[in-house]
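Let's take a friendly walk through one protein model, moving from strands to helices to charged pairs and finally to a couple of backbone angles. Keep the viewer open as you read.

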Amino acid sequence: MKLKAVIEEAKSFLGVIQVCRSIQKVCIIRFQANRIRFLSSVDMTEGAQVWIGCKTNYVFSDFRVDSSLQDKSITCEILDMNQLFHALKQADTHERHHGRQYRTEVRLKQQGNRPLLKFTMGGGMGQPDLSFNVFIRILCEKEIESIIAPPLDDNNLQIVVPNLQELMVFVERLKNTSCTNIVFRCQTNLSEEDDLLNGHGKRPRPSTEGDGGSGHTATFVVYAEHFLASFCLKYENVERVMPRRSEEDEDEEEPEQRNNVLDQHVSVTVEMKQFARFFAAVGDVNPLRMSMYLVDQRALVLSVHANNGNTTMVAYIPAMV
């Protein structure tokens, strides 16, 4: 089992780890030839979770990985997130102070029977090299196969966040209040054509994410309150991402199914501190676009494209009971 690479983007690597730390104190990293994957936990059955994927050549250069698995990947659990965060923080500082000619190398090593990731930074200018050890646990194939993300129903309401910066400022301000919960509500806006066809025949063909706009919109409200005040952010016509359906799927749909997709009113309440902590960390990975799945009374799911399209992220935040 071998792993050797040079960190190409220490700041971006650090930002991803910060997002994972905001959700849980555990992180799983899968090193693959084409993609580096980060997962917030081995236990995917409860609690907030995050999955992040980065193009390998964006994070690393001179990347080599080898194992007994068919895809030659290595999957490990970080035993102490503070160790990893500190190592990457030093790598980022080192890169900014000394330039990219003194980048950080990471290798899979062993100390006794304990596997570890060794981060080594060239000293430069006659200075000694710096190194940091991050202890890990290598996951077996059975554990890797058991990691499955919770399924998302296509009929869940999905919208594109219209003004990400404004929402970030709003959430940041809420952190300084005594609000304990934050509520996300969404109501679909039906067009005249939808009203005429709703439940009668075939609905208009919807577009999907990335199609450049579907004409399907929704009213989106973010709300929080405490005993002295309430706070609200409202958008009247946000872009709605419609599920992908073929002509055959639409022909087989019952009228009631079509109605459920077109006309929806959902509400999700999540814990304020957890959401604010995660949302602040997302800002560190240069988000380009964010969409939200609202699973009524069950969960808020965020899908983020960041780092100029080199990073994708999905976070699952369960609703408060």
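Predicted model: local features only at pLDDT ≥ 70, side-chain atom pairs only at ≥ 80, totals over all residues.

Two strands count as paired if DSSP finds at least two bridges between them.

Start with strand β2 (residues 27-31), which pairs with β3 in the antiparallel sense over four bridges. Between β2 and β3 the chain makes a hairpin through three residues.

On to the next pairing: β3 also pairs with strand β4 (residues 49-55), again in the antiparallel sense, and here there are five bridges. Arg35 has Lys55 as its bridge partner in β4. How many of the five residues of β3 are buried? Four of them are, so strand β3 (residues 35-39) is mostly covered, given that buried means under 20% relative accessible area.

**Strands β10, β12 and β13**

Strand β10 (residues 157-160) pairs with β13 in the antiparallel sense over two bridges, and Gln158 stands opposite Val241 in β13. Strand β12 (residues 217-225) runs antiparallel to β13 too, and eight bridges join them. Thr217 has Glu239 as its bridge partner in β13. β12 and β13 form a hairpin, with four residues between the two strands.

**Helices α1 and α9**

Now for the helices. Two packed helices are described by the angle between their axes and the distance between the axes. For helix α1 (residues 10-23) and α9, the angle is about 175 degrees and the axes are 8 Å apart. Because angles over 145 degrees count as roughly antiparallel, α1 is roughly antiparallel to α9. On the α1 side the contact is made by Gln18, Val19, Ser22 and Ile23, and on the α9 side by Arg277, Phe278, Ala281 and Val282.

Helix α9 (residues 272-282) is itself mostly covered, with eight of its eleven residues buried. The buried residues of α9 are Met272, Gln274, Phe275, Ala276, Phe278, Phe279, Ala281 and Val282. What caps the N-terminal end of α9? Glu271 does, with a side-chain oxygen 3.2 Å from the backbone nitrogen of Lys273.

**Salt bridges**

The model has seven salt bridges by the distance rule used here.

| Arg96 | Asp92 | 3.5 Å |

Arg96 is exposed, with a relative accessible area of 54%, whereas Asp92 is buried, with a relative accessible area of 8%.

In the second pair, Arg107 is partly exposed at a relative accessible area of 28%, and Glu105 is partly exposed at 23%.

Last, a look at the backbone. Most residues other than glycine have a negative phi. Which value does phi take at Gln297? Gln297 has a positive phi of about 60 degrees, although it is not a glycine. Gln297 lies in the loop between β15 (287-295) and β16 (299-306). With a relative accessible area of 54%, Gln297 is exposed.

Asn307 is not a glycine either, and has a positive phi of about 50 degrees. Its place is the loop between β16 and β17 (311-318). Is Asn307 buried or exposed? Asn307 has 2% relative accessibility, so it counts as buried, the cut-off being under 20%.

How values were computed:
Residues numbered from 1 in each chain as written. Heavy atoms only, no water. Salt bridge = Lys/Arg side-chain N within 4 Å of Asp/Glu carboxyl O. Buried < 20%, exposed > 50% of the residue type's maximum accessible area, 1.4 Å probe, protein only. Polar contact = N/O pair within 3.5 Å; in protein donor to acceptor, adjacent residues only side chain to side chain. Axes fitted to C-alpha atoms, helices over the stretch in contact; angles between N-to-C directions. Parallel < 35°, antiparallel > 145°, perpendicular 65-115°, else oblique. Contact = heavy atoms within 4.5 Å.
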